[in-house]
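This briefing concerns a ligand and the protein residues around it. Please study the structure below before reading on.

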Amino acid sequence: MDSLRTAVVTGATSGIGREVALQLAELGWRVIAIGRDREALAELSRRSERLVPHAADLLTDEIEELIPARVDALVPAAGISPSTGVEETTPGEWERVFALNVTAGAALARHALPALRAARGTIVFVNSGAGTAARPRNTPYAASKHALRALANGLRVEEEGHGVRVSTVYPGPTDTPMFDGDVDRAALIRPASVAAAVVMAITASDDVQLTDIHVRPRRELSW
Ligand SMILES: NC(=O)c1ccc[n+]([C@@H]2O[C@H](COP(=O)([O-])OP(=O)(O)OC[C@H]3O[C@@H](n4cnc5c(N)ncnc54)[C@H](OP(=O)(O)O)[C@@H]3O)[C@@H](O)[C@H]2O)c1
C-alpha cells in the first residue's frame, strides 16, 4: 500500500478546509483536496505535489469515487450556512443544507470506513458553535449542525470496536467567505487556527481521541 499517510479533506478550496489541507501537506501527508472551484484547486496543487485536487460537487457527484485505497484521516469541512429562519426556508432549502452539512459527511465516512479501520484512522467533522446552541438567525444551519454532532457521537460509539477515532471541532466565528456577520473582522478566528485544532485531533496520541474541541475567539463574540 501507498506509504504516504493520506487525508481526504472536503471544503479544501476555501477557508478552514483549505487551511487543513495546507497544514497536513506541510506535515508530509498526501491530501485529496475536494471542492467545486477548479481554479482554487489548481492553485492549491501548485503549493505542494502532496496536494491532490479532486473537483467534485458533494450534492450531485458519486461520493464513493472520492475515496482512495488508503485513508488515515477524513475531514468533512464543506458546508453552507444560509442566513434564514424557519418562516422563509423552503423544503428544498432544508434538504440542501442537510444534504451538504450532514448527509455528505455520513456518505464520505461510510465509504471511507474500511480504509480508516485498516489505518486506525481519524474522522474530524467540522461543526460549529451552532451545533450546540441554536440562535434565531440561521435555524436550518443550526439544525444541520446539531444533526452533525449526533452523527459524530453515534459513529464514535459504532466504531469503538474497529479502531476509528471520531472527533468534532466546533469553530466560533471565523474569518472566511462564509462569515458575513456585522463584527470587526480582526476579532474573528483565523481559519488556520481552526485548522490547527483539526490537525491536533488527527495527530493526537494513539491512546486517545479528542472528541469535542471548541475553538472560540480570544475575545468572546455573541456569534
Ligand atoms: N466561517 C465561520 O464562521 C464558521 C463557523 C463555524 C463553523 N464553520 C464551518 O466550517 C466549515 C468550513 O466553512 P468555511 O468558513 O471555511 O467556509 P467557506 O470558506 O465558505 O468554504 C466552504 C467550502 O465548502 C465547499 N462547498 C460548498 N458547497 C459545496 C458542494 N456542493 N460540493 C462541494 N463542496 C462544497 C466550498 O467549495 P467549492 O465552492 O469549491 O465547492 C468551500 O471549499 C463549514 O462546515 C462551516 O459550517 C464556519
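A polar contact is a pair of N or O atoms within 3.5 Å; within protein, one must be able to donate a hydrogen and the other to accept it, and residues adjacent in sequence count only if both atoms are side-chain atoms. The model is predicted, with local features requiring pLDDT of at least 70, side-chain atom pairs pLDDT 80 or more, and totals for chains, interfaces and linings using all residues. Residues are numbered from 1 along each chain as its sequence is written, and side-chain values use heavy atoms, without hydrogens and water.

- A polar side-chain atom of Y141 lies 2.6 Å from an oxygen atom of the ligand.
- For R36, a polar side-chain atom is likewise 2.6 Å from a ligand oxygen atom.
- G79 places a backbone N or O atom 3.5 Å from an oxygen atom of the ligand.

**The shell around the ligand**
- Among the 30 residues around the ligand (a heavy atom within 4 Å), T13, S14, R36, Y141 and T176 come nearest.
- The shell comprises 15 nonpolar, 11 polar and 4 charged residues, where Asp, Glu, Lys and Arg count as charged, Ala, Val, Leu, Ile, Met, Phe, Trp, Tyr, Cys and Pro as nonpolar, and the others, Gly among them, as polar.

**Annotation**
- The unreviewed UniProt entry annotates residues 5-176 as "domain: Ketoreductase"; such annotations may be inferred rather than shown by experiment.
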